[in-house]
Amino acid sequence: MAIANQKGGVGKTTTAINLAAGLTELGGRVLLVDLDPQGNASTGLGIVPGMRKLTTYDLLIDDAALADVIQPTGVDRLFICPSNADLSSADMDMVANEKRSFLLHDALRQPAIDVFSFDFILIDCPPSLSLLTVNALVACHSVLVPLQSEFFALEGLSQLMLTIREVRETANPDLRIEGVLLTMYDGRNNLSQQVENDARQNLGDLVFKTVIPRNVRVSEAPSYALSVLDYDSTSRGSEAYRLLALEISARHGSASSKDKESA
Ligand SMILES: Nc1ncnc2c1ncn2[C@@H]1O[C@H](COP(=O)(O)OP(=O)(O)O)[C@@H](O)[C@H]1O
Ligand SMILES: [Mg+2]
């Protein structure tokens with residue numbers, strides 16, 4: 001699942017980390033692919049720069065083996081492909097490659113991935129519609145679009161939807177929209193409510209029932225290298241991300257394939 005929106009600061013990385021943590025709490029095994037040169041998902045999960053010996057860059061550009069790039073995190077059942085600033089030159093390094101849009105697709109389908117038995121792979125995209133984001137859209141089954149509950153939130157959406165349609169018509173015909181997620185929602189603010197009304201009116205069922213509130217615990221958690229679920233388990237932010245994990249795993253049958261087998 002790609003987590004994408006070309007706008008920065010809308011809650012992509014926050015959602016990647018905390019949805020991943022929520023899915024692991026439900027028993028799922030999850031891989032988070034950090035596809036942003038800023039490496040915020042890596043930092044937020046405590047993978048300090050010295051621990052990023054092999055990164056998503058090596059996976060895409062240098063044919064590194066997936067199993068060598070994947071690392072465990074402090075969260076049980078959560079693994080990460082970390083990134084760093086190397087990835088900022090990836091677009092240029094990929095452009096001459098005729099398989100440039102399929103590099104992540106192919107990397108994530110290396111047979112070595114089977115031993116990890118992942119139930120979900122989440123891809124934290126950079127804030128652009130660059131070749132990196134296109135790689136994520138080609139590699140994934142569905143895309144989750146965080147939408148900050150602020151004025152102009154819906155404006156950038158048409159460009160993203162156009163890119164999704166293009167990818168569908170070319171490289172990934174089965175690409176679905178997992179849903180649009182309202183983030184940083186402030187119920188006391190009329191604007192938040194207006195954005196929610198607009199989104200539900202225009203996008204209908206595409207909008208997740210779960211809404212992520214603006215919650216200071218959510219923004220504090222990464223500086224402790226923790227998901228908000230581990231940082232403050234009973235905060236409103238944790239509860240919301242748990243509900244989102246439930247909403248998503250319910251659609252997919254369950255968060256863990258073990259449950260699916262025993263069901
Ligand atoms: N629900 C929330 N409540 C409070 N702050 C949030 C929430 N979601 C995200 N933030 C903060 O907003 C900023 C941008 O979020 P981030 O996930 O990094 O966005 P993106 O990855 O889209 O650029 C970060 O400082 C983050 O801590
Ligand atoms: Mg980010």
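Mentor: A polar contact is a pair of N or O atoms within 3.5 Å. In this structure, a backbone N or O atom of Thr13 lies 2.9 Å from an oxygen atom of ligand 1. The model is predicted, so local features need pLDDT of at least 70, side-chain atom pairs count only at pLDDT 80 or more, and totals for chains, interfaces and linings use all residues. Residues are numbered from 1 along each chain as its sequence is written, ligands are numbered from 1 in the order in which they are written, and side-chain values use heavy atoms, without hydrogens and water.

Trainee: Which atoms of Gly9 and Lys12 lie close to an oxygen atom of ligand 1?

Mentor: For Gly9 it is a backbone N or O atom, at 2.7 Å.

Trainee: How much of the accessible area of ligand 1 does the protein cover?

Mentor: Such areas come from the Shrake-Rupley method with a 1.4 Å probe. Ligand 1 has 560 Å² on its own, and the protein covers 78% of that.

Trainee: Which element gives the largest share of the shell around ligand 1?

Mentor: Helices are DSSP runs (H or I, at least four residues) and strands likewise (E, at least two), numbered from the N terminus. Helix H1 gives the largest share, 3 residues.

Trainee: How many aromatic pairs does the structure hold?

Mentor: Rings of Phe, Tyr and Trp (its six-membered ring) pair if their centres lie within 6.5 Å; planes under 30 degrees apart count as stacked, over 60 as edge-to-face and the rest as tilted. There are 4 aromatic pairs here. The ring centres of Phe79 and Phe118 are 5.7 Å apart with planes at 70°, so this pair is edge-to-face.

Technical notes: Polar contact = N/O pair within 3.5 Å; in protein donor to acceptor, adjacent residues only side chain to side chain.
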